[in-house]
Amino acid sequence: MTRFVLKRAGGALFVLLALSVVVYALFYVAPGDPARLACGERCNPQQIAQVREQLGLNEPVVGQYLRFLEGLLTGRDYSAGAGIALHCDAPCLGFSYQNDREVTQLLLERLPATFSLALGALAIWLVVGVGTGLLSALRRGGATERALTVLTLAGTGTPVFILGLLLLMTVCAYLRWLPFPTYVPFGKDPEQWAWNLLLPWVTLGLFESAKYARLTRSSTLETLAEDHIRTFRAYGVGERAIVTRHAVRGALGPVIALSAVDFGTLIGGAVLTESLFGIPGLGKTLIDAVRVVDLPVVVGVVLAIGAAVVIAGAVADLLHALADRRVALV
């Protein structure tokens, strides 16, 4: 297991390094003036020249990237103007000249909102999706399975923003069971935090649960058809014991792995859900940065999304191996 963990960690570090190369080349080496995009429209030529010097854009491309990588690993210094120098601690994702703030600090402020959204949605899609998939597999061929299959297909084909709009119109505007969501930090008021995130949780959770219902159903049916399950039945082991002790554990391996990856993706930013419900998370931050062409923030969010997905993928491999003993630890 130790060798397996070290191998996955090494692979994740290599992918993160490759990701930093691709992101830097895409945003800073591609045609255009990164210094002007980073500084914004309000900057005069002198300020743009200063930003170009701070970003190392006057150096060769390899030197520019090494300076960028040094900032991620050890931090770097920036000038806030008027002789004021600022040090950006590692991992330094850059300095937003349009907001006069470090990108890392900006993202850390927005991360709790995105994490709250992803955590609640994760709980809903696991309970609803896995429960629906197991019930559909165990009631195969009956009316229950057909009804659940129809609901699953309907959920898969409904875009998340359509589902969110329908919930807003029904629950908030027509039935008036809940006020229109306004994000409240958990530390300020936990009860209001939960009530205002309920609709976003349900929207994203139901949207994802359709995928997990289909995956759980197919994985459970595949596990129930394996030789060792037939052997248990031949020896007279009860069906309930077979399902709960053996079939479910083997079937949930892919579900756990996919959940880790999807959770990492949501940490990177559920753009549509955050924009629809006005949640000040990473996804909404990315949309706002693209709208005003704030290049350092765009690069920072893209790197954060990529890192979250890569780390979640490594964790998914580990969880899959722990959940399913049939996985080879290579």
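Y24 is buried, and Y65 is buried as well. By buried I mean under 20% relative accessible area; exposed is over 50%, and partly exposed is in between, with a 1.4 Å probe and protein chains only. A word on the source. This is a predicted model, where local features need pLDDT of at least 70, side-chain atom pairs count only at pLDDT 80 or more, and totals for chains, interfaces and linings use all residues. Residues are numbered from 1 along each chain as its sequence is written, and side-chain values use heavy atoms, with hydrogens and water left out.

Now the aromatic pairs. Rings of Phe, Tyr and Trp (its six-membered ring) pair if their centres lie within 6.5 Å. Planes under 30 degrees apart count as stacked, over 60 as edge-to-face, and the rest as tilted. How many aromatic pairs does this rule give? The count is eight.

Take Y24 and Y65 again. Their ring centres are 6.0 Å apart and the planes sit at 70°, so this pair is edge-to-face. Where are the two residues? Y24 is in helix α1 (residues 2-29), and Y65 is in helix α4 (residues 61-74). The pair therefore ties together parts that are 41 residues apart in sequence. Helices here are DSSP runs of H or I, at least four residues; strands are runs of E, at least two; both are numbered from the N terminus.

On to the tryptophans. W193 and W201 have ring centres 5.4 Å apart and planes at 75°, so they too are edge-to-face. Buried or exposed? W193 is buried, at 15% relative accessibility. W201 is also buried, with a relative accessible area of 12%.

Back to the tyrosines for a moment. Y24 and Y65 belong to one aromatic cluster, together with Y28 and F68.

Next, the backbone. Most residues other than glycine have a negative phi, and most peptide bonds are trans.

First stop, P91. The peptide bond from A90 to P91 is cis, and its omega is near -5°. P91 lies in the loop between β2 (84-88) and β3 (95-96).

Next stop, R176. Its phi is positive, near 55°, and R176 is not a glycine. R176 falls in the loop between α7 (160-174) and α8 (190-224). R176 is exposed, with 68% relative accessible area.

Last stop, V293. Phi of V293 is near 55°, again positive in a residue other than glycine. The loop holding V293 runs between α12 (282-292) and α13 (295-323). V293 is partly exposed, with a relative accessible area of 41%.
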